[in-house]
Amino acid sequence: MAGVSTASVSRVLNEPARVGAATRQRVLVAIEQLGYVPDAAARALASRRLRAIGAIIPTLDNAIFARGMQSLQRRLAQRNYTLLIASSEYDQYEELSEARALMARGVDAMILVGAEHSPELYDALARKPLPFVNCWTYTPDAPHPSIGFDNRMAMRCVVDYLVQLGHRRIGMIAGFTRENDRARDRVAGVQQALEQHGLTFAPGQLLERAYEVSEGREAARALLRMPERPSALICGNDILALGAMFEAQAQGIAVPEALSITGFDDLPVAASLVPALTTVRVPVREMGRRAADYLLDRLMGSS
């Protein structure tokens, strides 16, 4: 219909910059009129590549991961790669199962969240072998490639900020630290910073909860009922901080005059609250772009 060879059609679909504008337009018009969809299975057999990147994120409920995946997908699409997403629900066994399913479908590379994964998963990636990168975490001596930030340092900055404001009784509502190295590092960062300032958590002032508003509110209620309640609450993410703010409001406790609350992630809602939530901005879009670039470079043979 377009009056060109199959090779020209292939270039329009895969390397459009190599095709003249007039020819490209004729092919695109024909594709639209015919409702043509490339056969991904046939393409994968011919090239021995699916042109797809798998990503396993802890949950689909948290907007922070959605923002990162959106940036990642946009970058991959520029190079004609598809993003396949799975959720582990913070369960290493489920993560391993999802990873095996993605590998069975022939993904060319994998993106994981955090550094703590089952030995079986790392073994499977090495046997394939499959390029991968850990995101949302970074330490200089990490044994695996990673693109992210130092969760401990971020929380040390939060503690320093609160101490400068004059706080000495500081409580924390953390995420569950089991099988979640990001949550564990954030708790460790707070504890390290408190020690540097000659402080520590009072008994019962460090609570772990699921990342849900209701859980943050329930934990804040327990902390605010203590005989010597904290004057500041550090929350493991913005979702927990939202719950803490709602509970303070329900109890008539003025934030930040009588109680300081901090979050983590800088979700869009944080700036719209009254008062606005003090939080830590996570470079999710940059992480998505860099993860895509790293894996695509690996697939093209770059180190």
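Colleague: Leaving aside neighbours within four places in sequence, which residues is L223 in contact with?

Modeller: This is a predicted model, where local features need pLDDT of at least 70, side-chain atom pairs count only at pLDDT 80 or more, and totals for chains, interfaces and linings use all residues. Residues are numbered from 1 along each chain as its sequence is written, and side-chain values use heavy atoms, with hydrogens and water left out. L223 sits in helix α9 (residues 213-224), helices being DSSP runs of H or I, at least four residues, and strands runs of E, at least two, numbered from the N terminus. With contact meaning heavy atoms within 4.5 Å, the partners of L223 are M172, I173, G204, Q205, L207, R229, P230 and L233.

Colleague: Is L223 buried or exposed?

Modeller: Buried means under 20% relative accessible area, exposed over 50%, and partly exposed in between (1.4 Å probe, protein chains only). L223 has a relative accessible area of 0%, so it counts as buried.

Colleague: What separates the C-alpha atoms of L223 and G171?

Modeller: Along the chain, L223 and G171 are 52 residues apart. Their C-alpha atoms are separated by 7.5 Å.

Colleague: Which elements do the buried residues of α8 pack against?

Modeller: Helix α8 (residues 181-196) has 16 residues. Its buried ones include R182, V187 and L194. They pack against β3 (109-113), α7 (151-164), β6 (170-175), β7 (206-209) and β8 (232-235).

Colleague: Which residues touch the most other members of the largest nonpolar core?

Modeller: A nonpolar core is a set of buried Ala, Val, Leu, Ile, Met, Phe, Trp, Tyr and Cys residues joined through side-chain atoms within 4.5 Å. The largest one has 47 residues, and those touching the most other members are I111, W136 and I234.

Colleague: At what angle do α1 and α2 pack?

Modeller: Axes are lines fitted to C-alpha atoms, for helices over the stretch in contact, and angles run from 0 to 180 degrees between N-to-C directions. Helix α1 (residues 6-14) and helix α2 (residues 21-34) have their axes 10 Å apart, and the angle is about 90 degrees.

Colleague: Which residues of α1 meet α2?

Modeller: On the α2 side, the contact uses R24, V27, L28 and I31. From α1 come V9, V12 and L13.

Notes
The expected span of a helix is 1.5 Å times one less than its number of residues.
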